[in-house]
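Work through the exercises below with the structure open. Try each task before reading its solution.

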Amino acid sequence: MLQGLKDFREDKDISQKKMAEILNVAQTTYSDYELGKINIPLNTLKKLALFFDTSIDYLLELTDVSKPYPRKK
């Protein structure tokens, strides 16, 4: 799950420590997300999708379309 999470982060030139701060989790927790050692809570997946301007489906590799769905107004 989330094979590309590290790529997303590196594309934005953000450290694991900074990404963990953005998500309000420990750096070791974020590292475990990237390594697939622990499941990512839904609210954190939502934060990641919004931050990377993509959909949760794309993060979970359920679609090849990286464009996010239209947002609610």
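**Exercise 1: Contacts along the chain**

Task: Find what share of the contacts with a separation of 6 or more joins residues 24 or more positions apart.

Solution: Take the contacts in the protein chain with a separation of 6 or more; residues 24 or more positions apart account for 39% of them. The model behind this value is predicted.

**Exercise 2: Fold and dimensions**

Task: List the elements from the N terminus on, then judge the radius of gyration against the globule rule.

Solution: Start with the count: five helices and zero strands. The order is therefore α-α-α-α-α, and the radius of gyration is 12 Å, close to the 11 Å that the globule rule gives for 73 residues, so the chain is as compact as a globular protein of that length. Next, the extents: the C-alpha trace spans about 30 × 25 × 25 Å along its principal axes.

**Exercise 3: Surface and charge**

Task: State what percentage of the residues counts as buried, and how far apart the mean positions of the positive and negative charges are.

Solution: Of the 73 residues, 32% are buried. Then the charges: 12 are positive and 11 negative, and their mean positions lie 9 Å apart.

**Exercise 4: Positive phi**

Task: Locate Asn 24 and decide whether Asn 24 is buried or exposed.

Solution: Most residues other than glycine have a negative phi. Asn 24 has a positive phi of about 60 degrees. Asn 24 sits in the loop between helix 2 (16-23) and helix 3 (27-35). Its relative accessibility is 69%; exposed means over 50%, so Asn 24 counts as exposed. Asp 53 also has a positive phi, near 55 degrees. Asp 53 lies in the loop between helix 4 (42-51) and helix 5 (56-59).

Key. Residues are numbered from 1 along each chain as its sequence is written. This is a predicted model: local features need pLDDT of at least 70, side-chain atom pairs count only at pLDDT 80 or more; totals for chains, interfaces and linings use all residues. Side-chain values use heavy atoms; hydrogens and water are left out. Helices (H or I, at least four residues) and strands (E, at least two) are DSSP runs, numbered from the N terminus. The radius of gyration is taken over C-alpha atoms; the globule rule is 2.2 Å times the number of residues to the power 0.38. Buried means under 20% relative accessible area, exposed over 50%, partly exposed in between (1.4 Å probe, protein chains only). Contact means heavy atoms within 4.5 Å. Lys and Arg count as positive and Asp and Glu as negative; His and the chain ends are not counted. The place of a charge is taken as NZ of Lys, CZ of Arg, CG of Asp or CD of Glu.
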